[in-house]
Amino acid sequence: MSKKVVLLDYGSGNIRSGERALQRVGADVTVTSDFDEALNADGLLVPGVGAFEACMTGLKSVRGDVVVDRRLTGARPVLGICVGMQILFARGIEHGVETEGCEQWPGTVERLRPQHDEPVPHMGWNTVDVPSGTGLFDGIEKERFYFVHSYGVREWQLTDARESVAPLVTWTTYGDDRFVAAVENGPLTATQFHPEKSGDAGAALLANWVRSL
């Protein structure tokens, strides 16, 4: 039986490409902002593009922050993508404006600071430094993934794990600026890159997540 996945529609995100990518790997996908559907699905995908503040405003308008928190309290899987990952952290700082995030993880989303005149936003394909024990990157540890962003998490601050197993944090670099590329933390998973735009490697990653539901 196909896993039921809700792609949360809160006015921001790569909705249709995400929907098609999940369908491609066999998920039964519903695009909705309905609270109960998002709460009760096998998996919840939180997309996000644009500004941190705007995404948090949109998320709160559909009580998405509450849905995420309740799902995680019940150990129900959530996947955040791009800004959908960033808003899971405690706060974001953009253009001098600090916005409170969902606070599922401590830490700050801040502007990338490459040291050798690399342009920002960072747009393109990167390999990633995957930790041992990963499930999300199983079979695709050496592949490249597509990034498009100006902000990221440059320091991992969580000391107490959500589960008995410590979080698995995947890193990458832009120039010599190192930032979080993905996190696997019990039911909470997130990627800074766009798996739905990352070809076969991204499809394999989504398939790994759907199989874990």
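So, to start: which backbone oxygen lies 2.7 Å from a polar atom of the side chain of Thr 172? That one belongs to Thr 127. I'll come back to this spot in a minute.

Quick housekeeping. What we have here is a predicted model, where local features need pLDDT of at least 70, side-chain atom pairs count only at pLDDT 80 or more, and totals for chains, interfaces and linings use all residues. Residues are numbered from 1 along each chain as its sequence is written, and side-chain values use heavy atoms, with hydrogens and water left out. When I say helix or strand, I'm talking about DSSP runs numbered from the N terminus, H or I with at least four residues for helices, and E with at least two for strands.

Okay, back to Thr 172. It is in strand S11, residues 168–174. Thr 172 counts as buried because its relative accessibility is 6%; the scheme is buried under 20% relative accessible area, exposed over 50%, partly exposed in between, with a 1.4 Å probe and protein chains only. Its side chain also makes a polar contact, at 3.1 Å, with the side chain of Asn 126. By polar contact I mean a pair of N or O atoms within 3.5 Å; within protein, one must be able to donate a hydrogen and the other to accept it, and residues adjacent in sequence count only if both atoms are side-chain atoms. If you skip neighbours within four places in sequence, Thr 172 is in contact with residues including Val 128, Phe 147, Asp 177 and Phe 179. Contact here is heavy atoms within 4.5 Å.

Leu 112 is in the loop between S7 and strand S8, which is 122–127. With 3% relative accessibility, Leu 112 counts as buried. In sequence, Leu 112 and Phe 179 are 67 residues apart, yet C-alpha to C-alpha they are 8.3 Å apart in space.

Now the open sheet. Four strands make it up, in the order S6-S5-S7-S10, with mixed pairing. Two strands pair if DSSP finds at least two bridges between them. Strand S6 (97–100) and strand S10 (151–153) are at the edges with a single partner strand each, so one side of each has no neighbour in the sheet. On average, neighbouring strands of this sheet are turned by 20° against each other, direction ignored. For angles, axes are lines fitted to C-alpha atoms, for helices over the stretch in contact, and the angles run from 0 to 180 degrees between N-to-C directions.

Within that sheet, strand S7, residues 105–111, pairs with S10 in the antiparallel sense over three bridges, and Val 109 is opposite Val 153 in S10. Helix H3 packs on the sheet, touching strand S5 (89–94), S6 and S7, and its direction makes about 30° with that of S6.

Still in S7, there's Pro 106. Pro 106 is partly exposed, at a relative accessible area of 28%. Pro 106 and Gln 157 are 51 residues apart in sequence but 5.8 Å apart in space, C-alpha to C-alpha.

What about H3 itself, residues 52–61? Phe 52, Cys 55, Met 56, Gly 58 and Leu 59 are buried. Looking down the axis of H3, those buried residues fall within an arc of 165°, so they line one face of the helix; the arc is that of the directions from the helix axis to the C-beta atoms. Thr 57 and Ser 61, on the other side of H3, are exposed. After H3 comes Arg 63, with a positive phi near 60°.

Next, S4. Val 78 and Gly 80 point one way from S4, Leu 79 and Ile 81 the other way, and all are buried. S4 pairs with S3 in the parallel sense over three bridges, with Leu 45 opposite Leu 79. S4 and S13 are also paired in the parallel sense, over four bridges, and there Ile 81 stands opposite Thr 191. In S13 we also find Thr 189, which is buried at 7% relative accessible area. Among the residues Thr 189 touches are Val 78, Leu 79, Gly 80 and Trp 209.

Trp 209 takes us to H6, where it is one of the buried residues, along with others including Leu 205, Leu 206 and Val 210. What covers the buried residues of H6 includes strand S1 (4–8), helix H1 (15–24), S3, S4 and S13.
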